[in-house]
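Please examine the charged side chains while reading the points that follow. They are set out as a note to a colleague who is new to such models.

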Amino acid sequence: MKIVTIVGARPQFIKAAPVSRAIKEHNRRGEKPHIVEVLVHTGQHYDNEMSAVFFRDLRIPEPYVNLGVGSGSHGWQTAQMLMHIERVLTAQTPDLVLVYGDTNSTLAGALASAKLQIPVAHIEAGLRSFNRRMPEEINRLLTDHVSTILFCPTNKAVDNLSAEGVVSGFLNQSSQSPQGRRFVHLVGDVMLDAALYYKEFVKEMDFDLPGHFILSTIHRQENTDKPDQLVSIFGAFMKISQEIPIVIPIHPRTRKKLKEFGITVSTPGLHLMEPVSYLEMCYLLEKCVLVMTDSGGLQKEAFFHGKPCITLRDETEWVELVDHGSNALAGTDENDIYEAFRRMRNRKIKCNLGLYGDGKASERIVELLMNKESFS
Ligand code: UD1
């Protein structure tokens with residue numbers, strides 16, 4: 001059986017790593033059918049710190065091909081990927097295509113495959129922010145609706161799909177063809193699999209860290225591309241950093257925008273550093289006292305490491321963390337962020353990892369993929 005896996009952006013390398021390992025395990029045990037996985041990197045992320053370092057750290061094999069698409073407007077970037085992925089899929093003729101998450105690489109991979117009538121399996125299906133100004137929300141919606149197999153990380157994700165009419169079964173009673181079916185499976189979160197597996201490989205950082213610090217990341221387009229919003233977020237950071245230092249591995253987009261908008265970040269309590277690798281991020285998560293972020297993945301990773309989190313957005317796809325009390329939605333207003341900091345700074349987290357499965361989502365996914373009944 002041949003699977004083409006499409007990745008391109010940082011979070012996808014992390015999600016694909018445990019699934020690729022589960023595929024290798026399946027082959028090592030000699031289970032049938034043997035799986036050939038062909039890894040395609042779109043090149044959406046291309047800097048060493050945004051891409052290569054993840055392949056090294058997570059021991060992901062070199063991709064079969066890097067399409068080298070790079071940065072550009074959403075339409076341009078997605079169109080370039082679509083064109084190149086179609087070419088690769090036509091040559092490879094896989095039985096199935098695997099896509100992850102909600103980036104432009106996800107959408108391009110799903111769309112190219114669906115148009116070629118190759119079944120698409122979407123890992124991290126069903127998440128919704130209900131904010132269609134986010135490019136990721138558009139990517140999620142469209143990817144889920146063209147996918148044949150939808151692997152959901154949470155109960156809420158299954159409910160979201162069901163509310164949109166995406167449930168297991170025939171799409172149309174009158175056309176019961178293989179392409180007319182889809183399958184929804186609750187499997188748990190592959191990011192929990194990654195967090196548990198890589199725990200013992202965590203890398204100490206060669207960086208002069210304060211003894212007690214908050215870890216923060218900002219990269220969402222809706223936060224970085226509006227000067228007022230970025231000023232407000234960094235205004236809150238400057239105030240908070242007078243009480244607890246903040247360490248910020250900075251995304252290239254954010255660095256660029258800070259410069260473009262003339263926002264200077266020169267407070268002794270703010271420590272900006274280059275983007276870090278996955279294993280270094282795990283180290284920072286272990287050492288920090290609190291996380292402030294607009295990243296989806298980091299909200300959960302904070303929880304996996306037993307740290308409270310303030311989300312610098314108005315909504316989140318990971319609503320169970322807000323219900324659980326470990327995540328506070330602060331938005332981007334300077335005063336609201338500061339208030340959230342005061343509420344959350346000493347919050348003790350009762351970790352209930354079960355919210356995200358049992359750390360075996362990847363194995364479950366491979367098992368389900370091996371059962372041809374799941375998608376044909
Ligand atoms: C993308 C995903 C987002 C994900 C994030 C993780 C979409 C719509 N967004 O956002 O969901 O959370 O990846 O980082 O797909 N850049 C570099 N070097 C790189 C990559 C990017 O300098 O290696 C800069 C470029 O200026 C680029 C900008 O960052 O224009 C944005 O990169 P892009 O891949 O378009 O989106 P992200 O913001 O990273």
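**Note on charged side chains**

1. A search of the whole structure finds 19 salt bridges, a salt bridge being a side-chain nitrogen of Lys or Arg within 4 Å of a carboxyl oxygen of Asp or Glu. The model is predicted: local features need pLDDT of at least 70, side-chain atom pairs count only at pLDDT 80 or more, and totals for chains, interfaces and linings use all residues. Residues are numbered from 1 along each chain as its sequence is written, and side-chain values use heavy atoms, with hydrogens and water left out.

2. One of the salt bridges joins Arg-140 and Asp-102, at 3.0 Å from N to O. Arg-140 lies in helix 5 (residues 135–146) and Asp-102 in the loop between strand 4 (96–100) and helix 4 (104–115), so the pair ties together parts 38 residues apart in sequence. Helices (H or I, at least four residues) and strands (E, at least two) are DSSP runs, numbered from the N terminus. Both Arg-140 and Asp-102 are buried; buried means under 20% relative accessible area, exposed over 50%, and partly exposed in between (1.4 Å probe, protein chains only).

3. Arg-140 and Asp-102 also belong to a network of salt bridges that links them with Glu-137, Arg-313, Glu-315 and Glu-317.

4. Within helix 10 (residues 252–260), Lys-257 and Glu-260 are 3 residues apart, about one turn of the helix. Their salt bridge has its closest N and O atoms 3.5 Å apart. Lys-257 counts as buried, at 15% relative accessibility.

5. Asp-358 and Arg-364 form a salt bridge with closest N and O atoms 2.7 Å apart. Asp-358 is partly exposed at 43% relative accessibility, and Arg-364 is partly exposed at 28%.
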